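Please look through the structure before reading on.

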Amino acid sequence: MLDKTPPLSARPVAPGQGDVIKLAVLAVGGQGGGVLSDWIVEAAERSGYVAQSTSVAGVAQRTGATIYYVEMAPDTGRLPIFALSPSQGDVDILIAAELMEAGRAIMRGFVTPERTTLIASSHRIAAVSEKIEPGDGRASSEKVWEAAEATSKRFVAFDMEKIAAANGTVISASLFGALAGSGVLPFPRESYEETVKASERGVKASLAAFAAAHDAAKAMSAGIAPHATPSQRSEAGGAASAHDAMKGGADLVGAVGPQSLLDCWQALAARVAALPEPVRDMALRGVRKVVDYQDIAYGREYLDRLDRAVAVDGDEHGHALSLAAAKHLANAMCYDDMIRVADLKTRSARDRRVRSEVGVKDGSVLQVTEFFHPRIEEFCGTLPARLGHYIEDRPKLAAWLDRRINRGRRIRTDSMTGFAMLWVIGGLRKWRRKLLRHEVEAAHLDRWYRLALHEAAENYALGVEILNCRRLIKGYSDTHLRAQSKFDRVLSALPMLRGRPDAADWLRRLREAALKDEKGDMLDGALKTIATL
């Protein structure tokens, strides 16, 4: 006869018997949220608790994270009544695998100041809504940080992704270590480590990340290493980089090579050090970018152009013109072309980054397929200027070539043939100055820069805004063409704005309208408004 009486351990505990700890984990695909929740349950069971784990899947991509929910209570011989999902104002521990996920948890009411310990990685993953913004669509990390401190009982945050990457594992190991180091759960460290060891996969790397995050969280809890806000970390990092850069030329920026080239780099660093102090950091970043893009001579050309802005600038304006020139000249000189794309895709640093992100283990083979879709414009841009003009000036010939060129190609860069093809294209940068694309870009840059400096002589703020309009030009192929069209439309308003005291403000509004609206409807409306002034 079958005894249907449930065992003692399966009988529900009456309400109020035993304290239930409620923990939620917010993570997206690839961050190991499921592994983390399983580890938490196992660590609880090792410490004499009963636990239950559930999950509520989020929407695909970055429009929503999966919520892993764990409830646990001391094992009294009876099974507690556990909930299946978190409720507003009823979460003891909230773990967010990324800073903005912490913000979303706060908005959903999962974090409360009288109860919730919030553990979050301070790094950022851009959401889809941030990526599709033509301009700078990033949400404010500072506001999320302030909200986290205000709405949580305790806030533990540092860059756990960086710790995980440094140890060759995923962020779940760092989050687990931060949970252990925070001391919010009544479990010994050994129960956490034994749980990781029992997983039998990537144990060494996971334990290393666990230990580093554990120590960081423990030190933070003890007040030894108080966490800084994003803006404080940025300011400290910027000040340090500027100080280090000014101290010493080639070695501090990682330059290696023949002594003759190192001497040339030292000469460029000396020129940067002679600039006004507010401009040095941006100028150093700019010269590093253009030298990496092309060569030392290109760096001298960048500084020669920058000197023209510095010569007409002064302390009374905070060197805003020089700062804008230092930033946007570098971006304008480092335009995206086929050569640049091929060069970046064949660099060893890129291969290491891909292997790290994919998680390729030693001895494993990684296959990489690159997708290209060149148009006749890109093809002509990589030809000598005269030959490129010859083809473009003959529409029938250009159309005939376009029918044979303008199609998608998949190139395997893990193969000798595919890699060699891109490596040869990337090597064309030695002759870049003689190619059609460089001729076009250099002429466009000179017109824009002369216009900005000329207007700055009459209206300083307007000159600065013209330099800042370079933000509109970005991307490659069709994207670059659309961006340049917006740039031209914004600057077409200059004849209507000259002489007005609010000309700079109007140009800034036009630029912001162009950045916010991909189709250009907002820009059209703003231009019509200016025409009626």
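Tyr293 counts as buried because its relative accessibility is 1%; buried means under 20% relative accessible area, exposed over 50%, and partly exposed in between (1.4 Å probe, protein chains only). The model is predicted: local features need pLDDT of at least 70 and side-chain atom pairs pLDDT 80 or more, while totals for chains, interfaces and linings use all residues. Residues are numbered from 1 along each chain as its sequence is written, and side-chain values use heavy atoms, without hydrogens and water.

The ring of Tyr293 forms a stacked pair with that of Tyr298, because the centres are 6.0 Å apart and the planes are at 25°. Rings of Phe, Tyr and Trp (its six-membered ring) pair if their centres lie within 6.5 Å; planes under 30 degrees apart count as stacked, over 60 as edge-to-face and the rest as tilted. Tyr298 is buried too, with 3% relative accessibility. The charged end of Arg432 sits over the ring of Tyr293, at 4.0 Å from its centre (NZ of Lys or CZ of Arg within 6 Å of the ring centre and within 35 degrees of the ring normal). Arg394 lies over the face of Tyr390, 3.7 Å from the ring centre.

## Other aromatic pairs

How many aromatic pairs does a search of the whole structure find? The search gives 10. One of them is the tilted pair of Tyr192 and Phe210, with 6.2 Å centre to centre and 35° between the planes. Tyr192 is in helix H7 (residues 189–199) and Phe210 in helix H8 (residues 203–221), so the pair links parts of the chain 18 residues apart; helices (H or I, at least four residues) are DSSP runs, numbered from the N terminus. Both Tyr192 and Phe210 are buried.

## Packing of H1 and H6

Helix H1 (residues 33–46) packs with helix H6 (residues 171–182) at an angle of about 35°, and their axes are 10 Å apart. Axes are lines fitted to C-alpha atoms, for helices over the stretch in contact, and angles run from 0 to 180 degrees between N-to-C directions. Leu36, Trp39, Ile40 and Ala43 in H1 meet Ser172, Ala173, Leu175, Phe176 and Leu179 in H6, where contact means heavy atoms within 4.5 Å.

## A loop residue

His319 lies in the loop between helix H12 (296–311) and helix H13 (320–333). His319 is not a glycine, yet its phi is positive, about 60°. With a relative accessible area of 6%, His319 is buried.

Note on methods. Helices (H or I, at least four residues) and strands (E, at least two) are DSSP runs, numbered from the N terminus.
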